[in-house]
Amino acid sequence: MSLSPARITIKCANIGLRRLQIATCLQTGARALNHIHFGNRRSLHVTSNCRFSDDSGNVSTLFVPVPVKLTTNPDDIDIGAELTSVDLKEKKDDVLQILNKFYTKREMRMLGVEQGLDAHLFHQAFISFRRYVIESEHLPADLHIILSDILSDSGHIDDIFPYYMRHAKQVFPMLDCMDDLKKISDLTTPANLYQEARAMKRKIIFHAGPTNSGKTYQALERFYTAKSGVYCGPLKLLANEVHQKSNARGTKNDILYL
Ligand SMILES: Nc1ncnc2c1ncn2[C@@H]1O[C@H](COP(=O)(O)OP(=O)(O)OP(=O)(O)O)[C@@H](O)[C@H]1O
């Protein structure tokens with residue numbers, strides 16, 4: 001994106017709050033930060049004495065399962081059924097039994113944990129997987145064959161795991177990038193963030209003072225007269241106000257809502 005005027009007014013919306021919530025939980029394993037608000041124009045207040053509504057205090061409850069599309073076109077060729085001559089829909093109850101056995105196996109849970117699925121995620125992914133298997137018009141051939149083999153006692157229930165996991169990663173795509181997610185959400189050592197920017201020689205003027213003492217006023221006066229600058233504000237209204245005032249004073253700037 002190219003922004004021609006030298007000034008940009010940014011309104012920081014809620015986009016960061018969920019990240020902060022996840023970050024805090026990932027780092028501390030603590031309860032969610034349910035109240036985050038900007039009390040005045042310069043300070044971010046965080047209240048951390050609230051619990052998750054389910055009271056589990058578990059970061060995985062923050063991840064919302066992605067619905068997986070069922071295969072619903074009955075005209076598509078069911079390769080699995082053609083190869084195995086087994087119609088899984090006719091054996092729905094048996095398939096359900098197999099899936100439920102799979103779900104209750106401790107070894108499967110432990111394998112799940114190794115892949116980043118705690119009890120909550122394992123359960124959520126299983127509900128989606130079971131629905132996918134039972135309600136799809138037909139299944140991918142490999143999964144169909146595995147289930148047919150298990151039904152005929154020539155396969156083992158544990159063989160389901162890779163297919164369950166493949167599904168789980170569709171339901172929870174973050175499973176493939178949990179390490180990266182933890183890294184970018186790491187707010188525990190702010191001094192190590194933005195190393196390139198910190199390496200630059202910069203002059204930082206910190207305005208401290210009581211409410212209504214003119215901190216924003218002084219900073220904005222400097223903003224209006226500087227060669228370039230960015231104003232970041234917590235409210236759309238504030239960003240609009242600064243944007244309009246700045247333009248009215250002949251200091252052209254763009255506004256960007258995040
Ligand atoms: N030197 C000044 N000349 C004219 N008006 C001023 C001056 N300093 C402050 N004001 C006005 O006083 C009001 C409060 O100032 P400002 O918003 O800058 O205070 P603040 O310290 O940033 O407050 P807060 O802590 O609530 O954010 C504003 O309406 C501002 O325009």
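Trainee: What do the buried residues of α6 pack against?

Mentor: They pack against α2 (79-84), α3 and α7. Keep in mind that this is a predicted model.

Trainee: Which residues of α6 are buried?

Mentor: L143, H144, I146, L147, S148 and I150.

Trainee: Take L147. What is it in contact with, leaving aside neighbours within four places in sequence?

Mentor: On that count L147 contacts L88, V95 and I98. L147 also belongs to the largest nonpolar core, a set of 23 residues, and is listed with A125, F129, V133 and A168 as touching the most other members.

Trainee: Which elements give two or more residues to this core?

Mentor: Those elements are α3 (92-104), α5, α6 (141-151) and α7 (161-171). The largest share comes from α5, with 7 residues.

Trainee: Which residues make the contact?

Mentor: From α3 they are K92, V95, L96, L99 and Y103, and from α5 they are F126, R130, V133 and I134. By class, this contact of α3 with α5 has 7 nonpolar residues, no polar ones and 2 charged.

Trainee: I134 is in that list. Where does I134 sit, and is it buried, exposed or partly exposed?

Mentor: I134 is in helix α5 (residues 119-135). I134 counts as partly exposed because 16 other C-beta atoms lie within 10 Å, and a buried residue would need 20 or more.

Trainee: And what does I134 contact beyond its neighbours within four places in sequence?

Mentor: K92, V95 and L96. There is also L88, which is 46 residues apart from I134 in sequence and 8.5 Å apart in space, C-alpha to C-alpha.

Trainee: Now α5 and α7. At what angle do they pack?

Mentor: At about 110°, with the axes of α5 and α7 9 Å apart. The two helices are therefore roughly perpendicular to each other. The crossing of α5 and α7 is right-handed.

Trainee: Who makes that contact, and how do its residues divide by class?

Mentor: On the α5 side, Q124, A125, S128, F129 and Y132 take part; on the α7 side, Y164, H167, A168 and V171 do. The contact of α5 with α7 has 6 nonpolar, 3 polar and no charged residues.

Trainee: Where is D153 found, and is it buried or exposed?

Mentor: D153 follows α6 and is found in the loop between α6 and α7. D153 is exposed because it has 7 other C-beta atoms within 10 Å, and 12 or fewer is enough to count as exposed.

Trainee: What about Y194, what is its phi?

Mentor: Y194 has a positive phi of about 50°, and it is not a glycine either. Y194 lies in the loop between α8 (178-184) and α9 (195-199). With 10 C-beta neighbours inside 10 Å, Y194 counts as exposed.

Trainee: Let's zoom out. How many helices and strands are in the chain?

Mentor: The chain has 11 helices and 5 strands.

Trainee: What percentage of the chain's residues is buried?

Mentor: Buried residues make up 18% of the 258 residues.

Trainee: And how many of the contacts join residues at least 24 apart?

Mentor: 71%, taken among contacts in the chain between residues at least 6 apart in sequence.

Methods. Residues numbered from 1 in each chain as written. Predicted model: local features only at pLDDT ≥ 70, side-chain atom pairs only at ≥ 80, totals over all residues. Helix = DSSP H or I, 4+ residues; strand = E, 2+ residues; numbered from the N terminus. Contact = placed C-beta atoms within 7 Å. Core = buried A, V, L, I, M, F, W, Y, C linked by C-beta atoms within 7 Å. Nonpolar A, V, L, I, M, F, W, Y, C, P; charged D, E, K, R; others polar. Axes fitted to C-alpha atoms, helices over the stretch in contact; angles between N-to-C directions. Parallel < 35°, antiparallel > 145°, perpendicular 65-115°, else oblique. Left-handed = near helix turned anticlockwise from the far one by under 90°.
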